Amino acid sequence: MKTRDYVFFVILLALAAAFPFMGVPRYIIASTLLLFCYATVVSQWNLVFGIAGIFSLAQLAIFAFGAYSTALMGRYLDWSLWPTFPIAGAAGVIFSIFIGLACLRMRGIYVALLTLAISQTMFVLIQTDSDCSELNKAINPSTCVAFTGGPQGLGDFGTFGWREVLGGRNWMMGDYYSMLGLLIVALVFTAAMTQSRIGLAFKALRDNEELATSRGVSVFKYQLIVFAASAFLTAMAGAFYAAHFGSVGTNLVSFPLLLFLISMLVVGGIGRNWGPLLGAGLLMVADEFFKEFSDLRNIGLGLVVLLFMIFLPEGVAGAIESVCKRLQRLALVQHIERRLTAALRRDSAAPD
Amino acid sequence: MDSGEHVPLLACRNVFKYFGALAAVNDFELDVYAGDVVGIGGPNGAGKTTFLDVISGINPATSGEIELEGRDISKVRPDLICHRGMARTFQLNAGFDSLTIRENVLIGSAFGLGDHGIPAVTFSRAVHERVDRALELCRLADRAQTVARDVPVLERKLLMLASAVATDPKLLLIDEPVGGLNPHEVDDVMEIVLGLAAEGMTIILIEHVMRFLLQVSSRIVIMHHGEKIYEGDTQGLLSDRRVVEVYLGEGTADRLQHMLEERAAADG
């Protein structure tokens with residue numbers, strides 16, 4: 001991280017904080033807070049995928065796990081949602097550690113397959129959950145709702161509660177700043193993690209696992225650490241998502257959302273500090289256009305990922321970085337040229 | 001050497017490594033004492049690198065005993081073997097490509113001596129001091145901020161050596177330190193390796209460049225088909241019939257003999 005990055009961060013932060021007061025329509029505020037939510041997930045994914053180099057697709061499952069944890073606690077324990085957030089985060093960590101353990105003996109594409117299978121299993125388990133739950137009968141005997149809500153999804157578990165505090169017109173602001181707060185924590189956390197001793201171990205394992213183990217870095221330990229560390233805020237993002245919408249459904253573990261988040265990671269730049277934020281921003285804007293072609297949306301996203309993989313494998317963040325570097329080099333060359341010509345002129349002008 | 005008294009730093013007994021039916025390492029025995037520089041030579045496919053893989057835990061032995069300071073390490077994970085004081089380099093110029101040279105060495109220094117308990121976030125001063133020392137010993141101090149991907153082959157080899165040295169090893173295993181280098185660079189590496197030996201590091205090295213092997217090693221081992229066919233000093237090596245037959249050839253043996261005589265004459 002350079003000073004430039006910190007300056008950028010502060011400017012963006014100020015912009016994001018002032019954004020709702022710039023007279024933008026309400027649905028844009030709603031989209032932006034969703035962007036913050038996705039950017040949080042992608043920033044944590046970047047830690048696993050980009051920094052530690054583990055090809056895990058489990059992030060979406062952890063996100064949904066957090067969302068469902070909060071929804072279930074809110075509904076069946078009748079709690080306010082705020083205390084459920086850290087619990088959902090912790091539940092996500094435990095869930096993620098199990099996934100990390102399961103993936104320990106696998107590498108590369110096999111990790112992707114297993115973690116994708118876990119997401120799909122979650123999807124199927126919820127989708128096929130259709131038995132009327134006794135817990136729901138206690139709430140309202142006349143309806144039949146499955147424990148997880150099944151394919152209909154689950155609602156009636158509460159929200160952030162900003163409507164009660166800020167009123168019917170401004171509750172969206174409460175949600176907006178809650179989500180922004182989470183994203184800030186996520187960005188600071190990933191940046192700190194990346195710079196730390198633990199982050200160095202992640203990068204060592206990513207770059208060359210055999211050499212890393214020969215230098216005393218334990219695969220077991222750091223793989224579990226990265227799965228645990230990246231899960232807390234991911235699950236929290238899920239919980240915040242649930243609290244914002246007041247409902248959860250299987251779309252949270254569905255393939256289109258997975259593809260959407262992967263696209264953010266790839267377009268932004270895998271392993272880059274600014275990748276998740278850039279990717280989430282660009283994809284959210286692009287998605288506004290894709291929305292018109294509902295069925296073609298996934299094909300469009302797939303195409304975007306493919307094109308980036310081929311032409312810009314380092315993403316937009318990587319491209320910006322290399323352009324900056326090239327400009328710097330150019331400036332340096334020009335500087336040297338000027339100095340040289342000046343010196344030559346002096347020499348030729350000097351009397352002999 | 002009064003070997004009867006001391007426990008060897010590394011003791012290998014009846015070590016076998018099979019790949020299917022092929023014994024890549026065949027009933028190998030080797031004792032290495034503190035301060036030794038053991039040079040291992042032999043034709044391609046003799047099992048030299050496999051032997052390093054076996055003792056460093058990368059590719060554990062099929063059977064046999066391997067003891068470091070009297071403790072069995074034959075079934076210990078490579079990261080824990082590193083913590084116990086054995087570090088190695090690789091034949092391919094392995095490095096952490098996206099990191100700077102300093103960060104590469106930092107990994108060895110930060111994790112190589114042990115990594116227990118709650119994972120720390122920052123690096124202690126001792127860790128940074130070891131990095132500085134390793135960079136200096138391997139003459140990389142002025143390249144510290146270069147990204148590993150961008151450095152030429154000599155620096156890559158030195159980088160691997162430096163990250164091993166930063167783990168403060170009792171025993172350093174070096175796999176082909178001068179393969180692919182020009183004669184001038186070979187001399188540079190030779191000075192560096194001799195410098196490490198002078199620091200008190202015990203070294204096992206594999207090398208095809210015999211000039212290097214003979215001048216650096218205090219003891220030479222020649223492997224062939226996974227077996228040890230020679231162990232002893234330089235003089236004995238050049239007059240050993242079997243070694244000359246399977247590995248050196250008459251011409252090379254004569255040339256090396258000549259080189260050693262010249263050097264002896266130069267030394268007075």
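User: Is Asn14(B) buried or exposed?
Analyst: This is a predicted model, so the answer rests on computed neighbours. Asn14(B) has 12 other C-beta atoms within 10 Å, and the cut-off for that class is 12 or fewer. That count therefore makes Asn14(B) exposed.

User: Which strand does Asn14(B) lie in, and what is its phi?
Analyst: Asn14(B) belongs to chain B's strand S1, residues 10-19. Most residues other than glycine have a negative phi. Asn14(B) isn't a glycine, yet its phi is positive, near 50°.

User: How exposed is Arg139(B)?
Analyst: Count the other C-beta atoms within 10 Å of Arg139(B) and you get 18. Buried needs 20 or more and exposed needs 12 or fewer, so with 18 Arg139(B) comes out as partly exposed.

User: Which are the edge strands of the open sheet in chain B?
Analyst: Six strands of chain B make up this open sheet, with mixed pairing, in the order S6-S7-S8-S3-S9-S10. The twist from one strand to the next averages 15°. An edge strand here pairs on one side only, and in chain B that goes for strand S6 (86-88) and strand S10 (227-232).

User: What is the bridge partner of Ile174(B) in S8(B)?
Analyst: Look at strand S7 (171-175) and strand S8 (202-206) of chain B, which run parallel and are paired over five bridges. On the S8(B) side, the partner of Ile174(B) is Leu205(B).

User: Are H2(A) and H11(A) roughly parallel or roughly antiparallel?
Analyst: Two packed helices are described by the angle between their axes and the distance between the axes. For helix H2 (26-51) and helix H11 (219-245) of chain A, the axes come within 8 Å and cross at roughly 165°. That angle is over 145, so H2(A) relative to H11(A) is roughly antiparallel.

User: How do the residues of the contact of H2(A) with H11(A) divide?
Analyst: The crossing itself is left-handed. From H2(A) come residues including Leu33(A), Val41(A) and Val48(A), which meet a set in H11(A) that includes Phe227(A), Leu233(A) and Tyr241(A). By class, the contact residues of H2(A) and H11(A) split into twelve nonpolar, five polar and no charged.

User: Which element gives the largest share of the side of chain A that touches chain B?
Analyst: Between the chains, 19 residues of chain A are in contact with 29 of chain B. On chain A's side, helix H9 (197-207) and helix H10 (209-214) are the elements that give two or more residues. By class, the residues of that side are eight nonpolar, six polar and five charged. The largest share is seven residues, and they come from H9(A).

Terms used. Residues are numbered from 1 along each chain as its sequence is written. Chains are lettered from A and ligands numbered from 1 in the order in which they are written. This is a predicted model: local features need pLDDT of at least 70, side-chain atom pairs count only at pLDDT 80 or more; totals for chains, interfaces and linings use all residues. Two residues are in contact if their C-beta atoms, placed from the backbone, lie within 7 Å. Helices (H or I, at least four residues) and strands (E, at least two) are DSSP runs, numbered from the N terminus. Ala, Val, Leu, Ile, Met, Phe, Trp, Tyr, Cys and Pro count as nonpolar, Asp, Glu, Lys and Arg as charged, and the others, Gly among them, as polar. Two strands pair if DSSP finds at least two bridges between them. Axes are lines fitted to C-alpha atoms, for helices over the stretch in contact, and angles run from 0 to 180 degrees between N-to-C directions. Angles under 35 degrees count as roughly parallel, over 145 as roughly antiparallel, 65 to 115 as roughly perpendicular and the rest as oblique. A crossing is left-handed if the near helix is turned anticlockwise from the far one by less than a right angle, and right-handed if clockwise.
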